[in-house]
Amino acid sequence: MSGMDTMGLFTPQQVLENRGRLAIFIDGSNLFYAALQLNIEIDYTKLLCYLTAGSRLLRAFFYTGVDPTNEKQQGFLLWMRRNGYRVVYKELVQLPDGSKKANLDVEIAVDMLSLVGSYDTAILVSGDGDLAYAVDAVSYRGVRVEVVSLRSMTSDSLINVSDRYIDLESIRDEIRKSHRPQTYRPVSDLPGAGE
């Protein structure tokens with residue numbers, strides 16, 4: 001291959017090395033449903049490490065609807081705050097069909113736009129096509145945008161305006177919570193032992 005053929009092409013490693021300062025925007029609800037589809041539990045420490053990949057992180061935002069009466073969720077969000085995430089939330093609203101929802105698209109879009117100039121690469125963890133306009137807007141302001149989501153839940157319009165797309169299916173093993181194997185127990189503690 002001559003030098004002419006390789007002009008303009010970069011290896012994935014070179015792309016990662018040229019990401020500059022990162023800002024990560026995670027649509028919590030979208031990621032939750034993607035994890036259900038993949039049948040995995042997300043390890044948020046692994047996710048942050050994978051997405052950052054050695055680049056300098058400005059901030060990692062996690063957007064979610066909250067139920068103030070859900071103590072388990074409150075504990076999770078406290079853990080997120082203490083482990084590198086800026087949590088942005090609003091209370092869930094009950095819909096006529098009985099389901100609860102909170103839409104944080106506006107918050108994600110506003111944060112992406114208002115921080116332009118403070119970061120070089122945005123990583124959006126969402127497949128929501130409603131965010132394509134915001135992604136396009138930050139791209140025109142010189143930001144490189146990577147979209148990370150499950151392909152079956154990702155709008156084509158969002159992929160089309162991004163600089164790089166990563167299917168969650170392809171990184172599921174890198175970001176899944178590994179359930180620790182059972183700790184060692186003496187044989188005498190096992191059921192039926194010593195009979």
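Two strands pair if DSSP finds at least two bridges between them. The views below come from a predicted model.

**View 1. Strands S1 and S2 pair side by side.**
S1 and S2 run in the parallel sense and share seven bridges. One of the residues to look for is Ala23, whose bridge partner in S2 is Arg59. Strands of a sheet pair through backbone hydrogen bonds, either parallel or antiparallel.

**View 2. Six strands form an open sheet.**
Read the order as S3-S2-S1-S6-S7-S8. The pairing is parallel. Which strands stand at the edges? They are S3 and S8 (164–167). Each has a single partner strand, so one side of each is left without a neighbour in the sheet. From one strand to the next, the twist averages 15°.

H3 lies across S1, S2 and S6. Its run makes an angle of about 70° with S1. H4 also packs on the sheet. Its contacts are with S1, S2, S3, S6 and S7 (144–149). The direction of H4 makes about 140° with that of S1.

**View 3. The largest nonpolar core holds 28 residues.**
Leu47 and Tyr85 have the most contacts inside this core. A second, separate core has 22 residues. Ala102, Met112, Leu131 and Ala132 are among them. In soluble globular proteins, nonpolar side chains tend to be buried together.

**View 4. Leu47 and its contacts.**
Which residues does Leu47 contact, leaving aside its neighbours within four places in sequence? They are Ile26, Leu31, Ile42, Tyr85 and Ile175.

**View 5. Asp27 lies in strand S1.**
Is Asp27 buried or exposed? Its relative accessibility is 11%, so Asp27 counts as buried, because buried means under 20%. Not counting residues up to four places away in sequence, Asp27 touches Tyr63, Asp105, Ile108, Val125, Ser126 and Asp128. With Ser126 there is a polar contact between the two side chains, at 3.2 Å. Val88 is 61 residues from Asp27 in sequence. In space, C-alpha to C-alpha, Asp27 and Val88 are 9.9 Å apart.

Note on methods
Residues are numbered from 1 along each chain as its sequence is written. This is a predicted model: local features need pLDDT of at least 70, side-chain atom pairs count only at pLDDT 80 or more; totals for chains, interfaces and linings use all residues. Side-chain values use heavy atoms; hydrogens and water are left out. A nonpolar core is a set of buried Ala, Val, Leu, Ile, Met, Phe, Trp, Tyr and Cys residues joined through side-chain atoms within 4.5 Å. Buried means under 20% relative accessible area, exposed over 50%, partly exposed in between (1.4 Å probe, protein chains only). Contact means heavy atoms within 4.5 Å. Helices (H or I, at least four residues) and strands (E, at least two) are DSSP runs, numbered from the N terminus. Axes are lines fitted to C-alpha atoms, for helices over the stretch in contact, and angles run from 0 to 180 degrees between N-to-C directions. A polar contact is a pair of N or O atoms within 3.5 Å; within protein, one must be able to donate a hydrogen and the other to accept it, and residues adjacent in sequence count only if both atoms are side-chain atoms.
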